Amino acid sequence: MQPRWINLSIMVLALPLILSACATLDESQCQTTNWRDLGQRNGQQGRASSYVAEHEKACARFGIPVDNKSWRAGWEVGIREYCTPQNGLRVGIDGKSYAQSCPADVAPGFLGTYAIGKRVYDAKRDRDNIRRDIDTLTESITSASDESERSNLQSQLFIKQNDLYRAQNRLTDAERDADRVRFSR
């Protein structure tokens, strides 16, 4: 067992590394970044307009100001690239969260297709969970020690197989809706 002071020393040495990992920018980046380009990239990532505050915190540690006006101009371009209906579908299918970042005039188009994509993601996740449950039940049936236990597990398996059928139908319906969005544009 290590002496307590060694563990404390390791924590003290690691703290700056941990804190710097949370910062969005380091000192060099704060000094040299093109704020408009960074704002555009942040917008393209779907970051909220308030995300500039993260850069302000990071750069304030070095006494370097953020060019908010340039960042915001870039963000305005990038967020409109992000908030398209096509991207809403992709973001939903990927199961990514939405940061409520789209401007009011484009949010409905993004959110409508995001909801469709999220249905696909959720349906796949549910189907996969049921498949894992079926695999576990199947293994349990083969290793069951008595007939009563085996019968109970087989009943559970039958129910899960019905659940899988319904989950697959939900997935098929969600994918059909997603295909309608993909091919209608």
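This report describes the fold, disulfides, aromatic pairs and nonpolar core of a predicted model.

## Overall architecture

The chain contains eight helices and zero strands. Of the 185 residues in the chain, 29% are buried. The accessible surface comes to about 11,800 Å², and carbon and sulfur atoms account for 54% of that surface.

Among contacts between residues at least 6 apart in sequence, 70% join residues at least 24 apart.

## Disulfides

A disulfide is a covalent bond between the sulfur atoms of two cysteines. A search of the whole structure finds two disulfides. When the bonded cysteines of the chain are numbered in sequence order, the pairing is 1-2, 3-4.

Because Cys30 belongs to helix 2 (residues 27-32) and Cys59 to helix 4 (residues 52-60), the pair ties together parts that are 29 residues apart in sequence. Both Cys30 and Cys59 are buried.

Cys83 and Cys102 form a disulfide as well, and their sulfur atoms are 2.1 Å apart. This link is left-handed, with -95 degrees about the S-S bond. The pair connects distant parts of the chain: Cys83 is in the loop between helix 5 and helix 6, and Cys102 is in the loop between helix 6 and helix 7, 19 residues apart. Cys83 counts as buried because its relative accessibility is 3%. Cys102 is buried too, with a relative accessible area of 11%.

## Aromatic pairs and a charge over a ring

A pair of aromatic rings is described by the distance of the centres and the angle of the planes. A search of the whole structure finds five aromatic pairs. In one of them, the ring centres of Trp71 and Trp75 are 6.3 Å apart and the planes meet at 15 degrees, so the pair is stacked. Both residues lie in helix 5, four residues apart, about one turn of the helix. Both Trp71 and Trp75 are buried.

The ring centres of Phe110 and Tyr114 are 6.0 Å apart and their planes are at 10 degrees, so this pair is stacked. Phe110 and Tyr114 are separated by about one helical turn because they are four residues apart in helix 7. Phe110 has 0% relative accessibility and therefore counts as buried, while Tyr114 is buried with a relative accessible area of 12%. Tyr82, Tyr98, Phe110 and Tyr114 form one aromatic cluster.

Elsewhere, the charged end of Arg47 sits over the ring of Tyr51, 4.4 Å from the ring centre.

## The nonpolar core

In soluble globular proteins, nonpolar side chains tend to be buried together. The largest nonpolar core in this model has 21 residues. The residues with the most contacts inside this core are Leu25, Trp35, Cys59, Trp71, Tyr82, Cys102 and Phe110. The elements that give two or more residues to the core are helix 3 (35-44), helix 4, helix 5 and helix 7. Helix 5 supplies the largest share, four residues.

Tyr82 belongs both to the aromatic cluster and to the residues with the most contacts inside the core. Leaving aside neighbours within four places in sequence, Tyr82 is in contact with Gly43, Gln44, Gln45, Gly46, Asn87, Val91, Ser101, Cys102 and Phe110.

Helix 6 spans residues 85-93, and its buried residues are Asn87, Gly88, Leu89, Val91 and Gly92. What covers these buried residues includes helix 5 (68-82), helix 7 (107-143) and helix 8 (147-183). Among the buried residues of helix 6, Asn87 and Val91 are in contact with Tyr82.

Helix 6 is followed by Gly95, which has a positive phi, near 75 degrees. Gln100 is a residue other than glycine that has a positive phi, near 55 degrees. Gln100 is placed in the loop between helix 6 and helix 7. With a relative accessible area of 62%, Gln100 is exposed, whereas Cys102, in that loop, is buried.

Note on methods: Residues are numbered from 1 along each chain as its sequence is written. This is a predicted model: local features need pLDDT of at least 70, side-chain atom pairs count only at pLDDT 80 or more; totals for chains, interfaces and linings use all residues. Side-chain values use heavy atoms; hydrogens and water are left out. Buried means under 20% relative accessible area, exposed over 50%, partly exposed in between (1.4 Å probe, protein chains only). Contact means heavy atoms within 4.5 Å. Rings of Phe, Tyr and Trp (its six-membered ring) pair if their centres lie within 6.5 Å; planes under 30 degrees apart count as stacked, over 60 as edge-to-face and the rest as tilted. A charge sits over a ring if NZ of Lys or CZ of Arg is within 6 Å of the ring centre and within 35 degrees of the ring normal. A disulfide is a pair of cysteine sulfur atoms within 2.5 Å. A nonpolar core is a set of buried Ala, Val, Leu, Ile, Met, Phe, Trp, Tyr and Cys residues joined through side-chain atoms within 4.5 Å. Accessible areas come from the Shrake-Rupley method with a 1.4 Å probe; for residues, only the protein chains shown count as cover.
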